[in-house]
Amino acid sequence: IKIDNGATVKVVVDDPDTFSGTILKDSPDNKIILTAFMFQQERERVFFVSKDINARVKASALGIKAIDYEKQTVNINDFYSGIKIYQKEIMPELLKKDNSFSDAETAILKKNNDNESSDEAAENNFRNSLFKIKTIPWQEKLINNQYALFGKEDENFSIIAKYDSASATLKTINPVTGTVCGIKPLNSRQQIAFDMLLDDNFSLVTLVGKAGTGKTLLALAAGLYKTMKEKKYTRVLVTRPVIPMGKDIGYLPGKKDEKMSHWMQPLFDNLSQITEAITDRQEQKTIESMVKNKQIEIEALTYMRGRTLPNLYIIIDEAQNLSPHEIKTVVSRAGENTKIVLTGDPQQIDSPYLDANSNGLTYLVEAFKGQNLFGHIALEKSERSKLSELAAKLL
């Protein structure tokens with residue numbers, strides 16, 4: 001059958017049992033591989049395309065060129081981080097170029113830049129001047145809603161700004177100085193995460209990072225704050241893919257909620273940490289009441305198709321274990337006034353059919369970056385413990 005791009009689709013009806021091969025013909029996958037092997041033996045140019053890494057290994061063992069689907073893949077080495085870091089040396093460039101600063105703003109910048117002081121004091125003056133200006137005309141083209149950090153990442157007082165492509169400006173953000181439901185940001189990237197999570201202009205937020213960087217904890221704390229204090233949403237809905245790590249222990253007993261409780265235990269652990277961090281007893285009772293009254297709802301991804309979910313704060317944990325198709329299904333459930341937060345680590349994938357380049361989380365980030373309603377940050381520093389940080393780094 002000829003198709004639009006000039007290629008030909010051919011349906012092979014030959015039984016692969018009629019030709020020799022070194023792989024058992026006991027499964028549909030093996031039959032497909034052996035059919036490809038048959039064409040290769042006939043000196044055809046053959047590519048075996050599959051998302052199943054085990055099937056690709058078998059095909060490669062027979063000398064067949066095995067590849068993943070390229071359309072829905074991302075180069076993880078060039079993965080968008082959501083942030084660009086500038087040191088003080090960018091300051092002379094700002095003053096040289098016509099950035100349309102007002103006379104008062106130029107005076108602030110020059111005064112702080114011309115001070116003869118130590119490097120540390122000069123950097124502090126530079127950051128303070130940027131924070132006073134609030135909106136900075138910016139000639140370098142960044143991605144819409146990309147964040148810029150002026151200073152060092154491990155400094156809590158670094159100035160953070162967000163790029164607006166429509167006006168070609170950087171707008172400094174107000175850092176969280178207190179706590180959000182008992183949780184305080186511990187580094188600059190967590191500050192950026194809270195800025196996106198608490199900003200109603202972002203309907204879709206992704207938090208990517210290794211174990212212990214605070215992805216789920218920050219998302220849950222912000223969701224409780226927006227629902228419990230600001231009353232922006234009616235419920236917090238949390239879910240995660242039901243993908244086992246290692247060998248599956250089999251079917252779980254009980255009704256849906258009882259089955260889901262085992263998979264959702266990491267979320268309950270984070271909820272317990274938030275409850276313990278809150279010093280106000282009344283707020284603790286409010287969270288306990290939300291759980292009891294189903295304002296914090298646990299849902300299985302299996303039952304999401306076909307639903308419309310308005311006025312919800314949705315957290316999808318371990319989203320790296322979802323395929324691009326599953327991500328599309330979940331995100332398209334969002335109704336009016338719903339915010340979706342996806343968290344995950346592309347380097348820790350349990351699904352045998354996905355990898356760091358082809359999972360739904362990285363695919364979504366690449367597809368949505370630059371959109372007005374989308375925000376993304378790659379968290380890097382593990383704040384869980386020194387052991388967790390070392391394990392994530394070395395193993």
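This is a short tour of the structure above, stop by stop.

Before you click, note that the model is predicted, with local features needing pLDDT of at least 70, side-chain atom pairs counting only at pLDDT 80 or more, and totals for chains, interfaces and linings using all residues. Residues are numbered from 1 along each chain as its sequence is written, and side-chain values use heavy atoms, with hydrogens and water left out.

Select residues 159-164, which make up strand β6. Helices (H or I, at least four residues) and strands (E, at least two) are DSSP runs numbered from the N terminus. Of the 6 residues here, 5 are buried, so β6 is largely enclosed by the rest of the structure. Buried means under 20% relative accessible area, exposed means over 50%, and partly exposed is in between (1.4 Å probe, protein chains only).

Two strands pair if DSSP finds at least two bridges between them. Show F150 and you'll find its bridge partner in β6, I159.

Now bring in β7 (residues 169-172), which pairs with β6 in the antiparallel sense over 4 bridges. Y163 has L170 as its bridge partner in β7. D164 and K171 form a salt bridge, with the closest N and O atoms 3.6 Å apart; the term stands for a side-chain nitrogen of Lys or Arg within 4 Å of a carboxyl oxygen of Asp or Glu. K171 is partly exposed, at 38% relative accessible area.

**Stop two: the hairpin loop**

Pick A168, in the loop between β6 and β7. The hairpin has 4 residues between its strands, and A168 takes a positive phi near 55°. Most residues other than glycine have a negative phi. A168 is partly exposed at 29%. Draw a distance to K141: the two C-alpha atoms are separated by 7.5 Å, though the residues are 27 apart along the chain.

**Stop three: salt bridges across the chain**

The whole structure has 11 salt bridges. K84 lies in strand β3 (residues 83-86) and E140 in the loop between β4 (135-137) and β5, so the pair ties together parts that are 56 residues apart in sequence.

Next, select R240 and E318, another salt bridge, at 3.5 Å, N to O. R240 is in the loop between β9 and α8 (256-263), and E318 in the loop between β11 and α11, so this pair ties together parts 78 residues apart in sequence. Is R240 buried or exposed? At 11% relative accessibility, R240 counts as buried, whereas E318 is partly exposed at 26%. Check the backbone of E318 too, where phi is positive, near 55°.

For a network of salt bridges, highlight D200, K226 and E230.

**Last stop: the cavity**

Select L220, V238, L267, F268, L271, I296 and I298, which line the largest cavity. Two elements give two or more residues to this lining, α9 (265-277) and β10 (296-298); α9 gives the most, with 3 residues. The space inside is about 30 Å³. On a 1 Å grid over the protein atoms alone, a cavity is a set of points where a 1.4 Å probe fits but cannot get out, and lining residues have an atom within 4 Å of a point. The volume is the space filled by probe spheres set on points joined across faces, edges and corners.

Conventions: 1 Å grid on protein atoms, 1.4 Å probe; cavity = no way out; pocket = protein on both sides within 12 Å on 5 of 7 lines; lining within 4 Å.
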